[in-house]
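Visitor: I would like a close look at a single part of this model, with cut-offs stated. Please pick one element and follow what packs around that element.

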Amino acid sequence: MDHAIPRIQQVTAILWPAFLTSSLATVVFFTLFDPAELLATTALADLSRMGTYTIGFFVFWGLTTSTSVLTCYFSRPCEKVNHTNGQSVGTIKRNGSNPHDAHSDAKQVI
(Lines give C-alpha, C1' and ligand atoms only; values in the text may rest on other atoms or scores of the structure.)
Protein backbone atom coordinates (compact mmCIF):
# COMPACT_ATOMS: atom_id res chain seq x y z
CA MET A 1 0.00 0.00 0.00
CA ASP A 2 1.40 3.37 -1.03
CA HIS A 3 1.49 5.98 1.74
CA ALA A 4 2.76 8.84 -0.44
CA ILE A 5 1.30 12.24 0.32
CA PRO A 6 -0.46 13.73 -2.74
CA ARG A 7 1.45 16.56 -4.45
CA ILE A 8 -1.34 19.12 -3.89
CA GLN A 9 -1.30 18.39 -0.16
CA GLN A 10 2.49 18.84 -0.10
CA VAL A 11 2.24 22.19 -1.90
CA THR A 12 -0.60 23.34 0.37
CA ALA A 13 1.39 22.30 3.45
CA ILE A 14 4.13 24.68 2.31
CA LEU A 15 2.19 27.63 0.89
CA TRP A 16 -0.61 27.97 3.46
CA PRO A 17 1.57 28.41 6.59
CA ALA A 18 3.86 30.67 4.55
CA PHE A 19 0.85 32.79 3.54
CA LEU A 20 -0.36 33.13 7.12
CA THR A 21 3.11 33.97 8.43
CA SER A 22 3.80 36.49 5.67
CA SER A 23 0.44 38.17 6.32
CA LEU A 24 1.34 38.63 9.96
CA ALA A 25 4.88 39.76 9.07
CA THR A 26 3.51 42.35 6.64
CA VAL A 27 1.14 43.78 9.24
CA VAL A 28 3.84 43.96 11.91
CA PHE A 29 6.51 45.36 9.56
CA PHE A 30 4.33 48.10 8.08
CA THR A 31 2.98 48.99 11.51
CA LEU A 32 6.54 49.79 12.55
CA PHE A 33 7.81 51.30 9.28
CA ASP A 34 6.08 53.84 7.03
CA PRO A 35 6.24 52.79 3.34
CA ALA A 36 6.57 56.41 2.20
CA GLU A 37 9.67 56.89 4.34
CA LEU A 38 11.19 53.57 3.26
CA LEU A 39 10.95 54.43 -0.44
CA ALA A 40 11.57 58.18 -0.24
CA THR A 41 15.17 57.98 -1.46
CA THR A 42 14.70 55.18 -4.02
CA ALA A 43 13.52 55.03 -7.63
CA LEU A 44 10.18 53.73 -6.31
CA ALA A 45 9.39 56.92 -4.39
CA ASP A 46 6.22 57.53 -6.42
CA LEU A 47 4.82 54.05 -5.63
CA SER A 48 1.55 54.12 -3.67
CA ARG A 49 1.28 52.74 -0.15
CA MET A 50 -0.89 49.89 -1.43
CA GLY A 51 1.76 49.02 -4.00
CA THR A 52 4.41 49.01 -1.27
CA TYR A 53 2.24 46.79 0.93
CA THR A 54 1.76 44.39 -1.99
CA ILE A 55 5.46 44.19 -2.78
CA GLY A 56 6.25 43.76 0.91
CA PHE A 57 3.72 40.96 1.24
CA PHE A 58 5.14 39.04 -1.72
CA VAL A 59 8.70 39.49 -0.44
CA PHE A 60 7.67 38.12 2.95
CA TRP A 61 5.71 35.31 1.26
CA GLY A 62 8.77 34.34 -0.78
CA LEU A 63 10.95 34.28 2.33
CA THR A 64 8.51 32.28 4.42
CA THR A 65 7.86 29.87 1.53
CA SER A 66 11.57 29.18 1.23
CA THR A 67 11.81 28.46 4.95
CA SER A 68 8.80 26.10 4.72
CA VAL A 69 10.39 24.28 1.77
CA LEU A 70 13.66 23.91 3.66
CA THR A 71 11.81 22.64 6.74
CA CYS A 72 10.04 19.97 4.66
CA TYR A 73 13.28 19.00 2.94
CA PHE A 74 15.27 18.64 6.15
CA SER A 75 12.47 16.77 7.95
CA ARG A 76 12.57 13.84 5.51
CA PRO A 77 14.14 10.64 6.82
CA CYS A 78 17.75 10.12 5.75
CA GLU A 79 16.95 6.67 4.35
CA LYS A 80 14.71 8.22 1.69
CA VAL A 81 17.15 11.01 0.84
CA ASN A 82 20.38 8.95 0.66
CA HIS A 83 19.01 5.66 -0.68
CA THR A 84 21.45 4.01 -3.10
CA ASN A 85 21.28 0.40 -4.37
CA GLY A 86 19.23 -0.87 -1.46
CA GLN A 87 21.68 0.44 1.13
CA SER A 88 21.59 3.79 2.85
CA VAL A 89 24.67 5.95 2.40
CA GLY A 90 26.26 7.04 5.65
CA THR A 91 24.85 4.29 7.86
CA ILE A 92 27.02 3.10 10.70
CA LYS A 93 27.94 -0.53 11.23
CA ARG A 94 29.04 -1.35 14.73
CA ASN A 95 31.49 -4.12 15.54
CA GLY A 96 31.15 -5.45 19.04
CA SER A 97 28.60 -7.02 21.29
CA ASN A 98 26.90 -3.85 22.51
CA PRO A 99 25.71 -1.48 19.73
CA HIS A 100 24.99 1.20 22.34
CA ASP A 101 28.51 1.16 23.73
CA ALA A 102 30.27 4.44 22.94
CA HIS A 103 33.63 2.67 22.70
CA SER A 104 32.61 0.01 20.19
CA ASP A 105 34.30 0.17 16.81
CA ALA A 106 32.27 2.11 14.28
CA LYS A 107 32.86 2.00 10.57
CA GLN A 108 31.06 4.18 8.03
CA VAL A 109 29.73 2.42 4.95
CA ILE A 110 30.02 4.50 1.82
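Guide: What follows is an account of helix 1 and its surroundings.

The model is predicted, so local features need pLDDT of at least 70 and side-chain atom pairs count only at pLDDT 80 or more, while totals for chains, interfaces and linings use all residues. Residues are numbered from 1 along each chain as its sequence is written, and side-chain values use heavy atoms, with hydrogens and water left out.

First, the setting. The protein has four helices and four strands, in the order α-α-α-α-β-β-β-β along the sequence; these are DSSP runs numbered from the N terminus (helices H or I, at least four residues; strands E, at least two). Of its 110 residues, 15% are buried, where buried means under 20% relative accessible area, exposed over 50%, and partly exposed in between (1.4 Å probe, protein chains only).

Helix 1 covers residues 7-32. Its 26 residues should span 38 Å at 1.5 Å a residue, and its end C-alpha atoms are 38 Å apart, which agrees; the expected span is 1.5 Å times one less than the number of residues.

The buried residues of helix 1 are I14, A18, S22, T26 and F30. An α-helix has 3.6 residues a turn, so residues three or four places apart point the same way. Among the elements covering the buried residues of helix 1 are helix 2 and helix 3 (49-74). S22 counts as buried because its relative accessible area is 0%. Beyond its neighbours within four places in sequence, S22 contacts F57, F60, W61 and T64, where contact means heavy atoms within 4.5 Å. On the helix 3 side, T65 is buried at 17% relative accessibility. Leaving out residues up to four places away in sequence, T65 touches I14, L15 and A18, and of these I14 and A18 are on the buried list of helix 1.

The structure holds eleven aromatic pairs; rings of Phe, Tyr and Trp (its six-membered ring) pair if their centres lie within 6.5 Å, with planes under 30 degrees apart stacked, over 60 edge-to-face and the rest tilted. The rings of W16 and F19 are stacked, because their centres are 5.6 Å apart and their planes are at 15°. These two residues are three apart in helix 1, so about one helical turn separates them. F19 is partly exposed, at 29%. F57 and F58 pair edge-to-face, with 5.3 Å between centres and 70° between planes. F57 is buried at 15% relative accessible area, whereas F58 is partly exposed at 48%. Ring pairs join W16, F19, F57, F58 and W61 into a cluster.

Finally, the surface. L24, V28, L32, F33 and L38 form a nonpolar surface patch with about 490 Å² of accessible area together; such patches join nonpolar side chains (Val, Leu, Ile, Met, Phe, Trp, Tyr) within 5 Å, from residues with over 30% relative accessible area and no salt bridge (a side-chain nitrogen of Lys or Arg within 4 Å of a carboxyl oxygen of Asp or Glu). Helix 1 gives the most to this patch, with three residues. F33 lies in the loop between helix 1 and helix 2 (35-38) and is partly exposed, at 41% relative accessible area.

Key: Patches are made of residues with over 30% relative accessible area and no salt bridge: like charges are joined within 9 Å, nonpolar side chains (Val, Leu, Ile, Met, Phe, Trp, Tyr) within 5 Å. Accessible areas come from the Shrake-Rupley method with a 1.4 Å probe; for residues, only the protein chains shown count as cover.
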